[in-house]
Amino acid sequence: MDANPLHRAQAAPRCTAHSKRTGLPCRSPAVRGWNVCRMHGAGGGAPRGKAHGQYRHGGRTIEATEATRLVNALARLCKGDL
């Protein structure tokens, strides 16, 4: 057994992203629980809702859009029954 910790780091799963220019795969280690490295988006993204910096009024949130779709579906059902 080798006690060198770099050997464990080099055996880590690799990022699955590929370069647009060369087509070669990224050689960075993937973040634990993700398929890509930190530079290719692992754990990234902005928070949802009021925690987001550009949140305005909530009219275009996922929840509001789903509610609108539900109301429209109910209206179509009622209209078809008349």
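**Helix α2.** I looked up L74 and found this residue in helix α2, which covers residues 62–81 (helices are DSSP runs of H or I with at least four residues, numbered from the N terminus). I was working with a predicted model, where local features need pLDDT of at least 70, side-chain atom pairs count only at pLDDT 80 or more, and totals for chains, interfaces and linings use all residues. Residues are numbered from 1 along each chain as its sequence is written, and side-chain values use heavy atoms, without hydrogens and water.

**Buried or exposed?** I noted that L74 is partly exposed because its relative accessible area is 46% (buried means under 20%, exposed over 50%, partly exposed in between, with a 1.4 Å probe and protein chains only).

**Loop between α1 and α2.** Next I checked A17, which sits in the loop between α1 (5–10) and α2. A17 has a relative accessible area of 14%, so I wrote it down as buried. From A17 to G49 I count 32 residues along the chain, and their C-alpha atoms are 29 Å apart. G53 also belongs to the loop between α1 and α2. G53 is exposed, because its relative accessibility is 71%. Between G53 and P13 there are 34 Å from C-alpha to C-alpha, with the two residues 40 apart in sequence.

Technical notes:
Helices (H or I, at least four residues) and strands (E, at least two) are DSSP runs, numbered from the N terminus.
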